[in-house]
Amino acid sequence: MTVTLADVAARARVSPATVSRVLNGNYPVAASTRERVLRAVDDLDYVLNGPASSLAAATSDLVGILVNDIADPFFGIMAGAAQTQIGGPGDGSGRAGGEKLAVICNTGGSPERELTYLTLLQRQRAAAVVLTGGAVESPDHQAAMAAKLAKLADAGTRIVFCGRPPLPEGDALVAALAFDNRGGGRRLTEHLISLGHRRIGYVAGPPERTTTRHRLEGHREALRSAGLDAESGDGEGGDGEGEGGDGERLTVHGPYDRRSGYEATLDILRREPGITAVVAANDTVALGACAAVRDQGLRIPQDISVAGFDDLPFSVDAVPALTTVRLPLFEAGARAGRLAMGKENPPPGGIATIAAELMIRGSTAPPRVG
């Protein structure tokens, strides 16, 4: 026999409206009353009719978290942290009562897939959407995103960016939590320059991503400030010598993965055997760069220094430990989850820049003389 909301109300000695308030978490209820209702839900094994509930309400119990690659710790850490705040009141009981169902949407870095997931979440009347990581810098995609997010917001969905800047146009966001990728990239290269490095290779991420551009801009700002060659051209993953200054010849773009780091570093070493340092787009790319350096019979950092970005958990366990830029991924993800749930007020103006911290470890040292 199917247990109804009225059965739960009778068991808890409250009205059906009170049961609904407890389960939806949208109205204050006395702690003792809430406890009686939740105990009745457990005793009767009552299951809320989610589709019917979402039809009656403006939004459902669904929260979408969009990531480029859930296997990448950068995204996994943020998504997991956001989910800790989306799961409900945090009383540790594991019982229903205001919780939301967090669904991870893995886009694979595809702009089209990103829009598709947003459409699906719109159809499900998602209570909130958290979009993580860098955005694609395509005017057409940005316009499509702004239009889609505006529709979601008009339907009552909360929109939070985590680790990406706001769109050039569109005011549908609750908040945008943007990492200081440009400042982190600048401080990392300044550190290498302070050690005496002058010929620095750079393994960049995909050129169409905001994260890639901001980190590379910081790197080149540091080179310019030091009076080093920093032409703005970019080399493509091993396609030839290119023409221009070191900013072009010593920069190679590729995916944010280990293989890209390996192949791009070999390419840079071929172009310029005299480099003394390699900066990688992220820590995973840096692992590939380290492997390439070692496969060429070179030592880290005695012959070539290597640096990464993000300070992912494995960075400190690399041999030698990886100099990198720490982004507070868990803290940012948790804050995004709170903002998505309405547990925290948005920052002034809806935008917060999250500082990046330089972590100096054993993979960087002064260049060897002679």
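Predicted model: local features only at pLDDT ≥ 70, side-chain atom pairs only at ≥ 80, totals over all residues.
Mentor: Residues are numbered from 1 along each chain as its sequence is written, and side-chain values use heavy atoms, with hydrogens and water left out.

Trainee: Why is Thr284 called buried?

Mentor: Buried means under 20% relative accessible area, exposed over 50%, and partly exposed in between, with a 1.4 Å probe and protein chains only. Thr284 has a relative accessible area of 18%, so Thr284 is buried. Thr284 is found in helix α12, residues 283-295; helices (H or I, at least four residues) and strands (E, at least two) are DSSP runs, numbered from the N terminus.

Trainee: What is Thr284 in contact with, leaving aside neighbours within four places in sequence?

Mentor: Contact means heavy atoms within 4.5 Å. On that basis Thr284 is in contact with Asp257, Arg258, Leu312 and Phe314.

Trainee: Why does Gly288 count as buried?

Mentor: Gly288 has 0% relative accessibility, and therefore counts as buried. Gly288 is also found in helix α12. Not counting residues up to four places away in sequence, Gly288 touches Arg258, Gly261 and Tyr262. Gly288 and Glu263 are 7.8 Å apart in space, C-alpha to C-alpha, and 25 residues apart in sequence.

Trainee: Which residues of helix α1 are buried?

Mentor: In α1 (residues 5-12) the buried residues are Val8, Ala9 and Ala12. Seen down the axis of α1, these buried residues fall within an arc of 100°, so they line one face of the helix. The arc is that of the directions from the helix axis to the C-beta atoms. Just after α1, Arg13 takes a positive phi of about 60°.

Trainee: What makes α5 oblique to α13?

Mentor: Two packed helices are described by the angle between their axes and the distance between the axes. Helix α5 (residues 73-86) and helix α13 (residues 329-341) pack at an angle of about 40°, with their axes 7 Å apart. That angle makes α5 oblique to α13: angles under 35 degrees count as roughly parallel, over 145 as roughly antiparallel, 65 to 115 as roughly perpendicular and the rest as oblique. Axes are lines fitted to C-alpha atoms, for helices over the stretch in contact, and angles run from 0 to 180 degrees between N-to-C directions.

Trainee: Which residues of α5 and α13 meet?

Mentor: Among the residues of α5 are Phe74, Ile77 and Met78, and among those they meet in α13 are Leu329, Phe330 and Gly333.

Trainee: How many bridges join β1 to β2?

Mentor: Two strands pair if DSSP finds at least two bridges between them. Six bridges join β1 (residues 62-67) to β2 (residues 101-106), and the strands run parallel. Val67 stands opposite Asn106 in β2. β1 also pairs with β3 (residues 128-132) in the parallel sense over four bridges, where the bridge partner of Gly64 is Val129.

Trainee: Which way do the residues of β1 point?

Mentor: In a regular strand the side chains alternate between the two faces of the sheet. Leu62, Gly64 and Leu66 point one way from β1, and Val63, Ile65 and Val67 the other way, and all are buried.

Trainee: How many residues of β5 are buried?

Mentor: Five of the five residues of β5 (residues 175-179) are buried, and the strand is mostly covered. β5 pairs with β12 (residues 351-354) in the parallel sense over four bridges.
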